[in-house]
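This report covers the nonpolar cores and the aromatic pairs of one protein model.

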Amino acid sequence: MHLRGTISAIALFLSAPTASGAASAAPLAESTDATPPTTREVIKWWASQSIFVMDASNFGGHGTPVVLWQDTGGGNQYWVTEGAREGGTYLHPAYSSGLCLDFNGERGYGNPIKVNDCDGSDSQRWFFFYHPSGGNAIATHSDYQYCIDVPDANFSAGRQIQLWGCNNRSSQQWLR
């Protein structure tokens, strides 16, 4: 990773208030990962067995698709964790603490993952657990039944990630 990209991401992280505007965040809840994210951590999520990272397309706002893209070091590829008071963890793109990783409240196979304006809904709270083949799976906090998934395990640039039933396959393994 380039030092300039790291400094930019850290600066964005340090200057970003929490969703509530408070200076500190609640601790993460219910993570069973061997190395869970800390209370406020900047993470770059790498798709398993690929050169691609989770990317909020073009630093977009509400409704922006989250896709796989080559590592550019941009703030749209870093994710800030924030513990939710209601349980689970919010994931904000590093460039905006007002946006949250979301699936629009529609659980089901193939529903697209996006960033939306943070509203505290269940569809914006995530649960991390250790993936049997290494890394992390990122599941819906409210029911732990659906995971962030690369469709058909097709690891290619621009591929929009989706919600899919948790299945312990490489398409649901995320490394940081």
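## Nonpolar cores

Met54 and Trp174 touch the most other members of the largest nonpolar core, which has 25 residues. A nonpolar core here is a set of buried Ala, Val, Leu, Ile, Met, Phe, Trp, Tyr and Cys residues joined through side-chain atoms within 4.5 Å. Two or more residues each come from β3 (52-56), β4 (64-70), β7 (99-102), β9 (126-130) and β11 (146-149); strands are DSSP E runs of at least two residues, numbered from the N terminus. β3 gives the largest share, three residues. Apart from this core lies another, of five residues, including Phe127, Phe129, Ala137 and Ala139.

The model is predicted: local features need pLDDT of at least 70, side-chain atom pairs count only at pLDDT 80 or more, and totals for chains, interfaces and linings use all residues. Residues are numbered from 1 along each chain as its sequence is written, and side-chain values use heavy atoms, with hydrogens and water left out.

## Contacts of Trp174

Leaving aside residues up to four places away in sequence, Trp174 touches Trp45, Trp46, Ala47, Met54, Leu68, Gly135, Asn136, Ile138, Ile148, Val150 and Ile161 (contact: heavy atoms within 4.5 Å).

## Aromatic pairs

The whole structure holds seven aromatic pairs (ring centres within 6.5 Å, taking the six-membered ring of Trp; planes under 30 degrees apart are stacked, over 60 edge-to-face, the rest tilted). Tyr109 and Trp164 are edge-to-face, because their ring centres lie 4.7 Å apart with planes at 85°. Tyr109 sits in the loop between β7 and β8 (114-117), and Trp164, 55 residues apart from it, in strand β12 (residues 162-165).

Tyr109 is exposed at 54% relative accessibility, whereas Trp164 is partly exposed at 32% (buried is under 20% relative accessible area, exposed over 50%, partly exposed in between; 1.4 Å probe, protein chains only). Together with Tyr146, Tyr109 and Trp164 form one aromatic cluster.

Terms used:
Helix = DSSP H or I, 4+ residues; strand = E, 2+ residues; numbered from the N terminus.
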